[in-house]
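Subject: Structure handover

Dear colleague,

Please read them with the structure open beside you.

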Amino acid sequence: MANASAVPAGRSRRWRPPPLIHDARLRWALGLGAALYLALALGTLEINWARVAEGIPRGWRFVMAFFPPDFVTRWGDIVEGMLESIWMAVAATAAGIALSVPLALGAARNIAPRPVYYVCRSFVALSRTFQEVILAIFFVKLFGFGPFAGFITLVVATVGFYAKLLAEDIEDMDPGQAEAVRATGASWPQWLNYAVLPQVMPRMIGLAVYRLDINFRESAVIGIVGAGGIGATLNTAFDRYEFDSAAAILVLIIAIVMLAEYASGHIRRWVQ
Amino acid sequence: MLRIEGLVKRYPTGDVALKGVNLTVPDGQVMALIGPSGAGKSTLIRCVNRLVEPTDGKVLLGDRDLTGLGHGALRRARRRMGMIFQEYALVERLTVMENVLSGRLGYVGFWRSWFRRFPQSDIDEAFRLLGRVGLDHMVDKRADELSGGQRQRVGIARALIQQPELLLVDEPTASLDPKTSRQIMRLIRELCAEQGLAAIINIHDVMLAQMFAERIVGLQAGEIVYDGPPDGLTAEVLTRIYGEEDWSQTIRAAEEDEEGGEEEGNAREAHRAAPPVPDPERLAGMT
């Protein structure tokens, strides 16, 4: 109040929120540059509307070939593929997490010595470099067709995902709680068990459930390149032009993924 | 007895937090360490149990120099020093009992602690201490369900179950309301007297320090600038510790407190020498 009355009327000071980029020239240059690039990029698309128009009825016929889904003819193969995918997802999640935990401890900046940190971080970064499909192609070449290649692919992918996120959660832990347990004379493993584990446990469980969900979906994709599971069944159905069986598989995958989504949401809320 | 000799802490940034501190705390003495933020109070008590590694100087607990200890010996030495923290520092997702028992981690093996199979004597002691601090009805509550005052009581029980010789107390009341602050300080004071514990209590509140400590040490920019009885804190001394300010309010208020009502009466008794035998009923009613 005292300030406001000190400023004479008509001479109030103006205020604008400070801009994100301070230098006005840089701000405009970046904005115009981005707009120009976008315009040029759109220009290179060369959409042939005639061909799109021709393609629509063809696409429609393709979609119609999926109906009605046929669950009966290939039911045995479908069940086998599904069970293989679920087995692959569960086993790969468990093995991946078992490998991730020590790696995450090493990759957490606040608890690992510098050299260990860099080694573990590079390892995590390396396993995150390649997309699952590329890994699967490589492992299929290495181990031959079948679910084992798929399993190894998903383990590597799980390690990259889980170790990174767990390490970040460990880095975010409350140092006060960690310090208090250290001050009691606890040994390092006891300290992990009493100070670190309780703080990261909800996230560990949440990520595990989430990863299981992802691994199941991925198992459908990597099966297409020969790594077993329901993906392989799906691929076979497409190869035989049995689109109705393929539709049945897709419906089942969607159902299982939705179920997993729903369950994982519940579990994650419950462990908080 | 704790003896600190020429303690220096230089942080990697080049800041010198402690500039050769010498301090002796006899057995059973409750000492308050006051000083402005950044004076080095936290660093000083953390250098004692080496949560912060001292750069130079000695810290002797009994006649053992703690500064040179290796890993295992340091863990054994830490068992003899209980620590109480500003933000309670309880492990939020563990139960009250698990938090208290974590004070025994230095004494039990890994698998026992992993499966929470502590010796019965530890569990008896945990129940006794929780009763003593008035929380024996909350054993299986998770620490994050407790109020601030209750959490600090759990923190106190965790420190005491270590059977320490010395308590290191870092701003125990900074996150508590004035009434709870006094209750907590009184509890620490009483428990120290019961078990013959020495304590170093870092505290911002000069009045609380005067009420509950028998000796006051003033730290300013890493150096001790006052060491004496609570009633030696004159305006001139406070200016030396904290800098220029009108201290008349602080000092007068402290004197009024000493003459105040029932609560203050108890505090003063506690303050003088042997405190009264504590009444668990009275504590049990506290929240």
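To begin with two helices of chain A, α8(A) and α9(A) are roughly antiparallel to each other, because angles over 145 degrees count as such, while angles under 35 count as roughly parallel, 65 to 115 as roughly perpendicular and the rest as oblique. Their axes come within 9 Å and cross at roughly 165°, where axes are lines fitted to C-alpha atoms, for helices over the stretch in contact, and angles run from 0 to 180 degrees between N-to-C directions. Helices here are DSSP runs of H or I with at least four residues, strands are runs of E with at least two, and both are numbered from the N terminus.

Please keep in mind that this is a predicted model, in which local features need pLDDT of at least 70 and side-chain atom pairs count only at pLDDT 80 or more, whereas totals for chains, interfaces and linings use all residues. Residues are numbered from 1 along each chain as its sequence is written, and chains are lettered from A and ligands numbered from 1 in the order in which they are written.

Returning to the helix pair, α8(A) passes α9(A) in a right-handed crossing, a crossing being right-handed if the near helix is turned clockwise from the far one by less than a right angle, and left-handed if anticlockwise. From α8(A), Gln177(A), Ala178(A), Val181(A) and Arg182(A) meet Trp191(A), Tyr194(A), Ala195(A), Val196(A) and Gln199(A) of α9(A), with two residues in contact if their C-beta atoms, placed from the backbone, lie within 7 Å. That contact divides into 6 nonpolar, 2 polar and 1 charged residues; Ala, Val, Leu, Ile, Met, Phe, Trp, Tyr, Cys and Pro count as nonpolar, Asp, Glu, Lys and Arg as charged, and the others, Gly among them, as polar.

The axes of α9(A) and α10(A) come within 6 Å and cross at roughly 40°, and this crossing is right-handed. Ser219(A), Ala220(A), Val221(A) and Ile222(A) of α9(A) make the contact with Ile230(A), Gly231(A) and Leu234(A) of α10(A). Within α10(A), residues 230-239, the buried residues are Ile230(A), Gly231(A), Ala232(A), Thr233(A), Leu234(A) and Ala237(A), where buried stands for 20 or more other C-beta atoms within 10 Å of the residue's own, exposed for 12 or fewer, and partly exposed for values in between, with C-beta atoms placed from the backbone. These buried residues pack against α4, α9 and α11 of chain A.

As for the contact between the chains, 19 residues come from chain A and 23 residues from chain B. On the side of chain A that touches chain B, α8 (175-183) and α9 (188-222) each supply at least two residues, and α9(A) gives the most, with 8 residues.

In chain B, 4 strands form an open sheet in the order β2-β1-β4-β5, with antiparallel pairing, two strands being paired if DSSP finds at least two bridges between them. The edge strands are β2(B) and β5(B), each of which pairs on one side only. Helix α1 (41-48) of chain B packs on the sheet and touches β1, β2 and β4 of chain B, its direction making about 60° with that of β2(B).

Elsewhere in chain B, β3(B) and β9(B) pair in the parallel sense over 4 bridges, whereas β9(B) and β10(B) run antiparallel and are joined by 5 bridges.

With best wishes
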